[in-house]
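Me: I have a structure to read and I am new to it. Please take me through its features one by one.

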Amino acid sequence: MRASQSAALLAGVLLLLLGAAMPAEAAKIGELTETDVFEQAIRFFSMKDPTARYALSGAVLLGISCGLLGSFIVVRRMALLGDALSHAVLPGVAMGWLWHQTKDPVAIFVGATIFGLLGTFVVSLIKQTTKLKEDAALGMVLAGFYAVGICLVTMIQRLPQGNKAGVDKFLFGQASAMGPDDIKLMAVVTLIAVVVLFLFYKEFLAISFDQAFAHVSGFPTRLLHYSMMLLLAFSVVIALQAVGVVLVSAMLITPAAAAYLLTDRLHRMLWLATLFGMVSGALGAFISFLQTSLPTGPFMVLAASLVFGCAFLFAPRHGVVVRWVRRRSRARRVQRENTLKAIYHVLEDRDFFGEGVSLNELAERRRETVEDASQLATRLVRHGLATLHEDGDLILLTPEGMQRASAIVRNHRLWELYLTNAASIAADHVHEDAEKIEHVLGEETVRKLERRLAFATRDPHGRAIPSTADIQKISKGGSSPEEVTGYGRRP
Amino acid sequence: MSGFIPPFDWHAVVVSPWTENMAQYGWIVAMGFLVTLACGLVGNYLIFRRMALVGDAISHSVLPGLAIAFLVAYHAGSSGLWGTPPDAADGAHHDYRSPLLMFLGALVAGLGTTVLIELIHKKSRVKQDAAIGITFSSLFAIGVILITVFADEVDLDADCVLYGEITFVSMEPRVRLGELSLGPPSVLRMGVVTMLTVLFILLFYKELLVSSFDPGLSRSMGINPTFMHYALMSWLSVVVVSAFESVGAILVVAMLILPGATASLLTDRLPRIFLLTVLHAALSALAGLHLAIWLNCAAAAAMVVMGAAWFVLAWVFSPGQGLLRRWWTLRTQPLAPPALETAQPRE
């Protein structure tokens, strides 16, 4: 609720801003001679120039409505229905244009909405009455309606009379071609979308994630579905003129998908998608404003893709880079622990006689080259788990290193014993499993295992299990649970 | 409003193209047929694999590949590496396009799209549909920016991207072999691609069939389904790029899906589906041309409109599963409605 509330507030503020900005007069873009991008940016974003004002407010409005509706279609896995719908509106645009033989925003809006809804209806009809699957149905509707639209548009272009300019602008989008009437229409439609989503947020949330639940809760699911389709058609249609038929679906999908990577909550996702939509809309409009021949749509889409790319790589929880770093640090820790375990085994084999383990012994134990062993040893030293003797050949575990080594060996053997005792698995089958789980057993689980196994001292292979008490003795006097189990923070 | 739909003049629309302007319209129909056929044949497998929208994605995203190929060919050409350097004085039309580079660019772009969709889909929690939408729209946007910014160097304009310029084939200088005029080069090129498509399907009929319908069985037969997937995607890119200048980026989708979808409403057997695909391609191209002449609109779009009209006819009148047949069954056997009716999930 909070999100939609704030979104409504935001839309209201924007509308006020627009109203206040309308009467202000300023230099036209044509009089601009400077080529300084920075100065242009100031001019553009201060909205002094009417063309820039319309372009910017249009871009922001479309960012809001596309971000909101896009979030719903992304979570409902209907992204490509948005694509089909956005191509299917083209005949409606052409017919709306034909109605008055000019670019009348309301006629075009009505025509486009009708054809958009017709397109989604045909998709579901094909799905229901033939054996064709959704993808084929979407593809056919998308391209079939589009072809009809192209036929009409080319016929309009060949008409001898009338003001034909403007129809082709709907294909790739030209934000600078928008006038005050377009902006008013966009503002009204965006406001309707925001208000409806605000009032019925709970209902839309329910049908997006759990249709069956929504149905048994007594929500009119069918009505809600169709009203969402109507809002979707609205947001596609108002975005048309700035982004163009071909790319408008990207403004629905991409900002919402970026938001989806950043949060798990629908209301936060709505917020973020709206923000991303507005930012990429404004950026695209600005770049195309720099050079008027450039179409707006592709730049808006690229800006949105850039946002998505950043979210894809760097999202705090789902980002590819972040996950890679997390996985790498886990792999490093497992490697360190395995090295410690090998050192422990070497020491154990000679009854803990002598104080260090040579690189040769470690290499032999791990069946590796001495170079590899030396690298592993260096990593232990870097983490304060071991020191190297002067000649660099002898590894001496620090108390903390010894503690952690014992903890790992204890985890391993406890788990082996647990599997043989509690799960009746043969003693020669438990090693592999223990080899994996030893790195992830937490303090609580270890204590439970020890109690459950009655503080056993021998594992199924007859080797001693270091007890938590033993490990505590190694420690330099610290006795907090983290240090005891070897899972505390490193000093 | 009057005059928007021209009066239907039987002679001008139907007769004269074949009596007076045969040389002009014949090649357009041939081109339309070849494009629809090649697309339809490959598209059949997209329908079986439920990947129709990957076809949509690839048809959009070959644009940047194509634009870069044009740029490279232009610069290589103007530095004299590739053909003759441009000579503005003689005013002749220099053809900087290099078919090889175009295919290469499309191949890279097509495979890149497939890989990118997989990457986004596998490495994040974005679902496949959204991944497709994001990938193709970004690549298409890059392509549009390239062709607008380098408009002088890339011989592709926005109209061509949006609805193709199939009527241009009749204006191309003919390829000649001695005395014999073979036809416009783009039609010949498309003919080769279509023949190779047929050959590809005949040679790998079993492999494509098994890997499309049962990847597990395919693996056990020693046919790598992943390899077949990428082979199909590569060939799809080649077909799409050869069709690109004639029909543009979006109408291609219709040509990929409509023939196969129409055929699958009429029969269940694969060989018959392929035969019907050929028939659908021919009828769409022919009827589309006449529609375009009558309404004076873009010919490629008219061909798609006619293709869609054949689909609607099959949908309504198909003897096995048409709407009429379903209606009749429901009417005559009201007590036993087909399971399909009741098994539909609520929207």
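Me: In β3(A), which residue is the bridge partner of Ser358(A)?

Reply: Strands of a sheet pair through backbone hydrogen bonds, either parallel or antiparallel. Here the bridge partner of Ser358(A) in β3(A) is Leu394(A). Two strands count as paired if DSSP finds at least two bridges between them. β1(A) and β3(A) have two bridges and pair in the antiparallel sense. Before we go on, note that this is a predicted model: local features need pLDDT of at least 70, side-chain atom pairs count only at pLDDT 80 or more, and totals for chains, interfaces and linings use all residues. Residues are numbered from 1 along each chain as its sequence is written, chains are lettered from A and ligands numbered from 1 in the order in which they are written, and side-chain values use heavy atoms, with hydrogens and water left out.

Me: What is the order of the strands in the open sheet of chain A?

Reply: The order is β1-β3-β2, three strands with antiparallel pairing. β1 (357–358) and β2 (386–388) are the edge strands, each pairing on one side only. Over three bridges, β2(A) pairs with β3(A), residues 394–397, in the antiparallel sense. Take two of the positions in β3(A). Leu396(A) stands opposite Thr387(A), and Ile395(A) is the bridge partner of Leu388(A).

Me: How many helices and strands are there in each chain?

Reply: Helices (H or I, at least four residues) and strands (E, at least two) are DSSP runs, numbered from the N terminus. Chain A has 23 helices and three strands. Chain B has 14 helices and two strands.

Me: How many residues of chain B are in contact with chain A?

Reply: Contact means heavy atoms within 4.5 Å. By that rule, 65 residues of chain B touch 68 residues of chain A. The size of an interface is often given as the accessible area lost when the parts come together. Buried area is that loss (1.4 Å probe), summed over both parts. Between chain B and chain A it is about 5900 Å², and carbon and sulfur atoms give 72% of it.

Me: How many residue pairs are in polar contact between the chains, and which helix of chain B supplies the largest share of its side?

Reply: A polar contact is a pair of N or O atoms within 3.5 Å; within protein, one must be able to donate a hydrogen and the other to accept it, and residues adjacent in sequence count only if both atoms are side-chain atoms. Between chain B and chain A there are 16 such residue pairs, both at pLDDT 80 or more. On the side of chain B that touches chain A, the largest share is 15 residues, from α5(B). That side divides into 44 nonpolar, eleven polar and ten charged residues. Here Ala, Val, Leu, Ile, Met, Phe, Trp, Tyr, Cys and Pro count as nonpolar, Asp, Glu, Lys and Arg as charged, and the others, Gly among them, as polar.

Me: How many salt bridges are there between chain B and chain A?

Reply: A salt bridge is a side-chain nitrogen of Lys or Arg within 4 Å of a carboxyl oxygen of Asp or Glu. Two of them join chain B and chain A. One of these links Arg125(B) to Asp264(A), at 2.7 Å from N to O.

Me: Which parts of chain A does the salt bridge of Arg463(A) and Asp349(A) link?

Reply: Their closest N and O atoms are 3.4 Å apart. Arg463(A) is in the loop between α21 (443–452) and α22 (468–474), and Asp349(A) is in helix α16 (residues 320–349), 114 residues away in the chain. Arg463(A) is partly exposed at 31% relative accessible area, and Asp349(A) is partly exposed at 49%.

Me: Where does Arg77(A) lie, and what is its phi?

Reply: Most residues other than glycine have a negative phi, and most peptide bonds are trans. Arg77(A) has a positive phi, near 55°. Its place is the loop between α3 (50–75) and α4 (79–88) of chain A. Arg77(A) counts as exposed, because its relative accessibility is 54%.

How values were computed:
Buried area is the accessible area (1.4 Å probe) that two parts lose on being put together, summed over both. Buried means under 20% relative accessible area, exposed over 50%, partly exposed in between (1.4 Å probe, protein chains only).
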